[in-house]
Amino acid sequence: MAKVGMDGHDRGVKVVSTLLREAGFEVVYLGKLLTADTVVEAAIQESADAIGLSFLSGEHVTYTRDVIRLMKKRGLVGKKGPVVKLFVGGVFPNTDIPKIKSAGADDVFPAGTLVEEIVRRIDSVI
């Protein structure tokens, strides 16, 4: 779980990280103000099954594209699809969800998505 870019608001991602841990996931929270490269490198080092990005600052589509580009470059997305899944959540217009998905996110969780729903949907693709 990480915050990419200049978004310093991290309360939500910390809460979701804790709730995912309580649901049985192994979660590594990397922090905020990170580069896409830092997040992808950490996913490689941790042998992650998924990357979770959280946004509030309006940079969600741009940074999702950056992370996907680096995931492809580093072999985390293969010819038959993602080796490591990418989930995006946070506060952004619902009209941007198709843009985030077309950028390469496996699923998108806008603010207000219930934790049970997040867990169910992550479980269905990992």
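**Strand β6 and its surroundings**

In strand β6, G90 is the bridge partner of F55. This pairing belongs to a predicted model, in which local features need pLDDT of at least 70 and side-chain atom pairs count only at pLDDT 80 or more, while totals for chains, interfaces and linings use all residues. Residues are numbered from 1 along each chain as its sequence is written, and side-chain values use heavy atoms, with hydrogens and water left out.

The protein contains five helices and seven strands, where helices (H or I, at least four residues) and strands (E, at least two) are DSSP runs numbered from the N terminus. Read from the N terminus on, these elements follow the order β-α-β-α-β-α-β-β-β-α-β-α. The C-alpha atoms occupy a box of roughly 35 × 30 × 25 Å along the principal axes.

Strand β3 (residues 50–55) and β6 (residues 85–90) pair in the parallel sense over six bridges, pairing being assigned if DSSP finds at least two bridges between two strands. Strand β7 (residues 107–110) also runs parallel to β6, to which four bridges join it, and in β7 the bridge partner of F87 is D107. Together with helix α4 (residues 97–103), β6 and β7 make a right-handed β-α-β unit; with the strands pointing away from the viewer, the path from the first strand over the helix to the second runs clockwise.

Six of the six residues of β6 are buried, that is, under 20% relative accessible area, whereas exposed means over 50% and partly exposed lies in between (1.4 Å probe, protein chains only). From this strand, K85, F87 and G89 point one way, while L86, V88 and G90 point the other way. Across the protein, buried residues make up 42% of the 126 residues.

The largest nonpolar core has 26 residues, and those with the most contacts inside it are I51, L53, V67, M71, L86 and V88; such a core is a set of buried Ala, Val, Leu, Ile, Met, Phe, Trp, Tyr and Cys residues joined through side-chain atoms within 4.5 Å. At least two residues of this core come from each of β1 (2–4), α2 (36–45), β3, α3 (60–73), β6 and α4, with α3 giving the largest share, five residues. Apart from this core lies another, of seven residues, including F87, F109, I118 and I122. In soluble globular proteins, nonpolar side chains tend to be buried together.

Residues up to four places away in sequence aside, I51 touches V39, A43, M71, V84, K85, L86 and F87, contact meaning heavy atoms within 4.5 Å. Among contacts between residues at least 6 apart in sequence, 61% join residues at least 24 apart.

M1 is placed in the segment before β1 and is partly exposed, with a relative accessible area of 22%. Although M1 and F87 are 86 residues apart along the chain, their C-alpha atoms are separated by 9.1 Å. Leaving aside neighbours within four places in sequence, the residues in contact with M1 include V13, S17, L20 and G52. S17, which lies in helix α1 (residues 11–22), is buried with a relative accessible area of 1%, and beyond four places in sequence S17 touches M1, V27 and Y29.
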